[in-house]
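This briefing looks at helix packing, overall fold and ring contacts in one protein. Please read it alongside the sequence and the coordinates shown here.

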Amino acid sequence: MAKKTIMLVCSAGMSTSLLVTKMQKAAEERGMDTDIFAVSASDADNNLEAKDVNVLLLGPQVRFMKSQFEQKLAPKGIPLDVINMSDYGMMNGEKVLDQAISLIENK
């Protein structure tokens with residue numbers, strides 16, 4: 001399986017960094033080659049230019065930006081979704097990783 005680049009976007013990039021750590025651990029346990037990182041909404045465009053992102057997940061606190069990101073990502077064919085609020089609140093790295101992989105596979 002090729003390396004998967006998963007970008008999480010939240011308001012400041014802070015709370016999501018804990019979720020990134022849990023997702024990386026889950027990916028390691030599955031033997032997956034991933035690059036999972038979190039950025040603030042204001043940094044998202046720079047990271048989309050600099051990295052070959054396979055999927056973008058929005059933190060629940062920036063769900064209002066979904067249509068804005070859909071317009072940016074549609075020409076690039078990058079799937080996008082909002083992280084399930086309870087998975088985010090529980091910092092469930094396994095489930096959020098599953099959500100990201102499912103989006104990549106079904107694009």
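In this predicted model, helix H1 (residues 15-29) packs against helix H5 (residues 93-105) at an angle of about 75 degrees, and their axes are 8 Å apart. Because angles of 65 to 115 degrees count as roughly perpendicular, H1 and H5 are described as roughly perpendicular to each other.

**Contact between H1 and H5**
- On the H1 side, the contact is made by Leu 19, Lys 22, Met 23, Ala 26, Ala 27 and Glu 29, while H5 contributes Gly 93, Glu 94, Val 96 and Leu 97.
- Sorted by class, the residues in the contact of H1 with H5 comprise six nonpolar, one polar and three charged.

**Fold and dimensions**
- The protein contains five helices and four strands, and along the sequence these follow the pattern β-α-β-α-β-α-β-α-α.
- The protein has a radius of gyration of 12 Å, which agrees with the value near 13 Å that a compact globule of 107 residues would have.
- Taken along the principal axes, the box filled by the C-alpha atoms is roughly 35 × 30 × 25 Å.

**Aromatic rings and charges**
- Across the whole structure, a search for aromatic pairs returns zero.
- Lys 51 is placed over the face of Phe 37, at 4.2 Å from the ring centre.
- The ring of Phe 69 has the charged end of Lys 72 over it, 4.9 Å from the centre of that ring.

Notes. Residues numbered from 1 in each chain as written. Predicted model: local features only at pLDDT ≥ 70, side-chain atom pairs only at ≥ 80, totals over all residues. Heavy atoms only, no water. Phe/Tyr/Trp six-rings, centres within 6.5 Å; stacked < 30°, edge-to-face > 60°. Lys NZ or Arg CZ within 6 Å of the ring centre and 35° of its normal. Axes fitted to C-alpha atoms, helices over the stretch in contact; angles between N-to-C directions. Helix = DSSP H or I, 4+ residues; strand = E, 2+ residues; numbered from the N terminus. Parallel < 35°, antiparallel > 145°, perpendicular 65-115°, else oblique. Contact = heavy atoms within 4.5 Å. Nonpolar A, V, L, I, M, F, W, Y, C, P; charged D, E, K, R; others polar. Rg over C-alpha atoms; globule rule 2.2 N^0.38 Å.
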